[in-house]
Structures are given as structure tokens and as C-alpha cells.
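Keep the structure open and click along as you read.

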Amino acid sequence: MMVDGVEDEEKWLAAGIAGLQQNAFYMHRALDSNNLRDALKYSAQMLSELRTSKLSPQKYYQLYMRAFDELRKLEMFFKEETRRGCSIIDLYELVQHAGNILPRLYLLCTVGSVYIKSKEAPAKDVLKDLVEMCRGIQHPVRGLFLRSYLSQISRDKLPDIGSEYEGDADTVNDAMEFVLQNFTEMNKLWVRMQHQGPAREKDKREKERSELRDLVGKNLHVLSQIEGVDLDTYKETVLPRVLEQVVNCKDEIAQCYLMDCIIQVFPDEYHLQTLEILLGAFPQLQPSVDIKTVLSRLMERLSNYAASSTEVLPEFLQVEAFSKLNNAIGKVIEAQVDMPILGAVTLYSSLLTFTLHVHPDRLDYADQVLGACVKKLSGEGKLEDNRATKQIVALLSAPLDKYNDIVTVLKLSNYPSVMEYVDSETNKVMAMVIIQSIMKNNTQISTADKVEALFELIKGLIRDLDGAAHDQVDEDDFKEEQNSVARLIQMLQIDNPEEMFKIICTVRKHILTGGPKRLPFTVPPLVFSSLKLVRQLQGPEENPFGEEGSTTPKKVFQLLNQTIETLYGVPAPELALRLYLQCAEAANDSDLEPVAYEFFTQAYILYEEEISDSRAQVTAIHLIIGTLQRMHVFGVENRDTLTHKATGYSAKLLKKPDQCRAVYACSHLFWVDDQDNMKDGERVLLCLKRALRIANAAQQMSNATRGSTGSVTLFVEILNKYLYFFEKGNTQINAAAIQSLIELITAEMQSDSNSPDPAADAFFASTLRYIQFQKQKGGAVGEKYEPIKA
């Protein structure tokens, strides 16, 4: 059916254009022969094609534009006729004899244009006559296009100030009256379209009205261009008249479009000075009008106006713009009981943006807006509308974007309350926005109270809200979120140790609620922040006597011990062991032997009871050896106990190569360069010999199981350890021992059972080159290496 209708319409349009062109042809011929009577006859017949009711507004517009082009030519002809002596008054009378009213009025408007230009009568009289005459057409579409034509031909002939058609003292009022009258009549015609035809075609009619709305809106644009319309005239006459028409038409489409037109076409300073009048119209609009969009655009324009120059800000204060907008929004929300929550949140978001632009120093205004939003949300529960949620994010992001400082935002008491109404996913999004703002602006948060408030804001990342399980969360997203929290914890650094300790305790309280999945991300940064505090407390400004209850390294270490213990429940024993060793090293720097020993004890217990994977054991034992080697705080007894344990663990590793490497690494525990009391050459040699035995056992096992002795890499590694201690002056390691080891490796490599290993060969060759290089140095070093035959 619809296809048939479209095809019929195309046929009617084609027939209309054909009829119009045929009559236009005869009209041109009459114009060329200066035959006025025939020109009027054929132009009236041509314009009769516009009497059709069969075309949609879009198709009718195509027909109208062709007629419009022809009328331009006719107007030129009328001008020529008046120059040739034809009376314009007679011509004005003559065209009124056309048979049909629509062609008659088009011709009357065309002649009227020439009449005004001739200045034989005041422009205001001709315009008044034309605008009144046009009431003869009450068909909506035909009437709108006729009045649009009148508006088009008259816009450069209004009796405005400074215009060549300027009349007496009331000239501006005449121009305004003409445009306002035309606007009023056009709006009535436009609204009437809604009530014609069957109810089932309502959507079609609304679409057609939408296509025609610019014809009505152009009148407001013309009004805004009249030079004589100053602020007082606009305030006293133009705006009240236009708003009266908008409110009285009681049509949703017209009210929404025209309010938007008023906001867009008139200057910002006019809106500011007439804010009360304009806002007074909003509660009178139909309940179905999309007020949130219109009001938001008004506030957006005023925000941009405020941002354009600081010089205009006093105007906003003078008219109390915030107070008026705030009251208006309250009234609109109160009047429209059924307004969806999206509408209310959008309005508050726009008002907050406006407030931040105009009154950036008035935090109480911003908090007032947030408080009003909380009040509206309080009856709604958690938001489920995605669009409303996006507006809440925009609302909460606005202060962050404006102040670039979370500390300022934390002063807004209602800010956290707004976040209570979003779901856990949106809470996370907002928390990420807050953290990114802190990192981008390198914000320093200087007190534990502010940290407490901040962590309450970002609790969506710290713990599961509403019992939401994180099994549904994408693993990569989860890691990114927790890494952001970790970076935030690292940023919380201040110079006051007492306050810093309070901050650490506050952060600890929050992150321990995060559950086992989050702790591996959040505990390490807290531990390292605490260790920074320990180093700070070791500084020269430290008071050795300290006040009772003041922060001391010992106090921080106690907290660290309790914090790392929480990783047992994850379980994350490897991470806990690393952190214990870090703490032991910090305790070593603080000269706290019992504390350092306790951390090592905890690390050893973890190693024995929790770490069973052979790879993890290898990594752990090397970490233990490396850390223990750097410790200087231990007395002989404690050091011996820990060293004995480490060597024992090394010898019990599952794989022989791992055993060998761990045992020769233990040799460093008995020889520390910068400590003379920790240079036991004999025990170093024992470790290296034990490593050799294990390497030999590994060769034999490989021969027994695979038929080849395998690589000599372990022997070359041990040789390098021999050379290291030889150079360091360990008297137990002599040239003879090194020589015999070189010969052993050479023999192994030449053995039939040895499997080729290019990497091991290159390693050994490189080691031999090093020996040669040391020989060539000469002096004491060369002399020392001379007995070794490489």
C-alpha cells in the first residue's frame, strides 16, 4: 500500500511540475512581449498548481521552489513595468482580481515587495495588509508555504532602524509586530496539522511536521536579526509574546522545538538578563515535552558564555543565575512527577557543569546540586537505566575535570552519596576515573582522613560490592584495575612520618577486605610504601629517644609482619617469601637483628611448609642466599644458624644441577668483601668441593640413564667460582686446584661418552681466554695467574 502511495505521489508531483512549467512558458512569452494581462493570467494558472492537497510536505516543497523561481522573474517584470510608468497602486489592485485565493495572495505578496521598494506607501502599511490577507489560507501546508514566501520576500524590507524603509518613531515596533504576527499564524497552522486526519497516521503527521518546522523557526531568526530589538525590547515585548504563543499552543512538538529555537537564535546576554522570564515558562509546558534537553542546552550555552571571558562573570552574579536555574529545575522536576530519572540526572549534570564554569570557587553550590541529585535518587534505589548511569558518570566526572584535584572534590560532602546509587560496574568505572585523575595530576593526599574518604570512594575496586562475584569479570580488566590501585598506594607518600604511618594503617584496613584474589596486587605496594617509611625514619632527623607512642621502625615492622601473613590465605607463599626477605633487608639497614632474624625465620618456615614446586624452590633458595649474603646485622650464632639452613636446603633440591648451583652459590655466604670477619676461605672451598661432587654425581647419573655424561657446563661454572675467590685473595683456592679443575674439564670434553654442547664449549673457551688475559696484565695479577696453564 505504501509503495503504491509513493508512486501515486510521484505521479501527482510530475503532473504538477508539468502544469507549472507549461503555464510558466506562456507567462515568459507574455513577459517578453510586455503583455501584463496575459502575464498575470498565466502566472495565476501556474500558481494554481500549488493548490494541491495530494502531496507530502517534502514533495510540495519541490513544487513550491519551482514556483518561487518563476515568481522572482515575475517580480523583476513588475519592477520594469513601474519604471515604464505603470502605477504600482493599480498593479496592487489588479492582481487581486485573480480567480483563486492562493494564486491571488502569492501575486499580491510579489507585487507588495515591489510596492514597498517603490516607497509610494509606508512599508508597515503594506506589510500589515499582506500579513492580514494571508489569513485567507487556512490549509496548514499551503498556508505555511505562503507565509514562508511572505517572510522571504519581506525580510530585507522591514522598517528597521538604519533600514532604507525606516519609518516614524515606532518603526521597530512595526517590524516586530509584522514578524510576530506572521510567526503566530504560522505556528497555529503548524500545530493544526497534528489534528487533521485519522489517528493511525499520527506518526506520519509528526514526521511531516518535523520536516516543516524550520519554516516556523525562521521567523524567530528574523526577529533576532532586527537591529532595533535591543535587550529592553526583547525583555518587554519579544520574549513575552513568543513565550505566550509557545505556552498557549499546548503542543508537545511545537513547544520543544520553539523553546530550543529561542535558546539558539537570541544572544547569550539576552538569555542571562531574561532568565527569570524564560525559566518561568518551563513548568507551564506540556508534561511530555523533553524539558531536560532544552534546559540542558540553555545551561550549556550559558556555561560556554561564562567560559568565553572572565569579564562576563559579574553579570551572572548580578542576576543570581545559579539560584534561578536551581529553583527552575526543582520546579520542573516537582511539576513533572512522571519525569524519568534520566531527565532529572541530565538536568543536574548540566547545572553542575554550569556551576563549575560560573562559580568555580563556590564549592557549596556544587555540593548543593549533588545534594539535590541525591534527594531525587533516594527514592529510586540502584540505577538500572544505562543512559542515566552514563549521566551520573558525567556528573561525577565534572568536578574532577574542573579542579584536577581529588582533594578539592573530597570536600563535596554529597559526592560519595551520589556514587551509592550506581551499580558495582559503574562504581569501578568511576573509581578508575578518580585514580587516573590523581595520577595524571600527581595529586598529593596529605592526611589519613582524606585517604579514608578516597578509599571509600573507590571501594568498587577494593572489594566486591553487593556480593558481586569477580568470576564474571574479565581477567585482564581485573588485573588492570588492581594495578591501578597498586599505583595509587605507591603515590601516597608524605614527609610527616606520624601521618604517613596513619595513612598506611588506613590503606591496610581497606585492602585487607579485598579478598584473596586482590591481595597479591595490593599487599606488595603497601609493603614497599611501609619500607620507604622505615628508611625515612632512619634519616638524620630521627629522634633516637622518640616520644611514647611515636612511629618507630620496629612499629612499622610489626605491622608488616601481620600484613604479609595475610598472603598465607591466598595462598601466595612465593610472594610472601619475597616480601619477608625485603623486610629482613630493611631491618638489616635499621640494625634490628631480632627483627631481621624473625623475618628470615618466617621465610624459612614458608619454604619448608608451603613451597613444594621444584622450580619455585630453586628461585626461593637463590633469593634467600642472595639476601642473606648482604646481611651484616647478624651475630655469629644467628648467621651460622641461617647459613647452615640455607646450605641444607640447597643440598636437598630435587635435581642434581639445581643442587650443584645452589651449593656453589652458598660459598658467597662465607666470603663477604667488605666484612673481614666474614671471610672463611676454608668453608668456601668446602662448598665448592661439595658442588664438584654433586656435578660429578650428575654426570654419572646422566651416563647411567642416557649413555652419555652430558654437558660440562656445571664444571665450567664451578671453575668460574674458583677464579672469583682466587682473585679475591682466598688462600684456600690456589693455582694447583684451578689447574686440576681445568684438566678435569678438558678430559671430560675429550671423553667418548661426552655429548657435544657448543654453548658449554664456548663458555669454557671464554673462561680460558680470561685466564690468558689476566696473565698478560703483568704485575701482581699476572704473577698470580702464571702457574695456571690454560
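Leaving aside residues up to four places away in sequence, Asp268 touches Arg301, Leu302 and Tyr305. One thing to keep in mind throughout: this is a predicted model.

**Around Asp268**
- Asp268 sits in helix α12, which spans residues 268–273.
- Is Asp268 buried or exposed? Its relative accessibility is 16%, so Asp268 counts as buried, the cut-off being under 20%.

**Salt bridges**
- Searching the whole structure turns up 31 salt bridges. Here are a few of them.
- Glu132 and Arg135 pair up through their side chains, with an N to O distance of 3.4 Å. Both partners are partly exposed: Glu132 has 34% relative accessibility, and Arg135 has a relative accessible area of 38%.
- That pair also belongs to a network of salt bridges, in which Glu132, Arg135 and Glu185 are linked.
- Glu456 and Lys459 make another side-chain salt bridge, at 3.8 Å from N to O. Here the glutamate is partly exposed, since Glu456 has a relative accessible area of 32%. Lys459, on the other hand, counts as buried because its relative accessibility is 12%.
- Glu499 bridges to Lys502, and their closest N and O atoms are 4.0 Å apart. How far apart are Glu499 and Lys502 along helix α26? They're three residues apart in that helix (residues 497–511), so about one helical turn separates them.
- Lys502 is partly exposed, with a relative accessible area of 46%.

**Helix α25 against helix α27**
- Two packed helices are described by the angle between their axes and the distance between the axes.
- For helix α25 (residues 475–491) and helix α27 (residues 519–537), the axes come within 9 Å and cross at roughly 10°.
- Angles under 35 degrees count as roughly parallel, so α25 and α27 are roughly parallel to each other. Their crossing is right-handed.
- Who makes the contact? On the α25 side, it's Phe478, Lys479, Gln482, Asn483, Val485, Ala486, Ile489 and Gln490. On the α27 side, it's Phe521, Thr522, Pro525, Leu526, Phe528, Ser529 and Lys532.
- Sorted by type, the residues of this α25 and α27 contact come out as eight nonpolar, five polar and two charged.

**Helix α29 against helix α31**
- Helix α29 (residues 573–589) packs with helix α31 (residues 614–629) at an angle of about 5°, and their axes are 10 Å apart.
- Again, that angle makes α29 roughly parallel to α31.
- From α29, the contact residues are Glu574, Leu577, Arg578, Leu581 and Glu585. From α31, they are Ala616, Thr619, Ala620, Leu623, Ile624 and Thr627.
- What types of residue make up the contact of α29 with α31? They divide into six nonpolar, two polar and three charged.

Key:
Residues numbered from 1 in each chain as written. Predicted model: local features only at pLDDT ≥ 70, side-chain atom pairs only at ≥ 80, totals over all residues. Heavy atoms only, no water. Buried < 20%, exposed > 50% of the residue type's maximum accessible area, 1.4 Å probe, protein only. Helix = DSSP H or I, 4+ residues; strand = E, 2+ residues; numbered from the N terminus. Axes fitted to C-alpha atoms, helices over the stretch in contact; angles between N-to-C directions. Parallel < 35°, antiparallel > 145°, perpendicular 65-115°, else oblique. Left-handed = near helix turned anticlockwise from the far one by under 90°. Contact = heavy atoms within 4.5 Å. Nonpolar A, V, L, I, M, F, W, Y, C, P; charged D, E, K, R; others polar.
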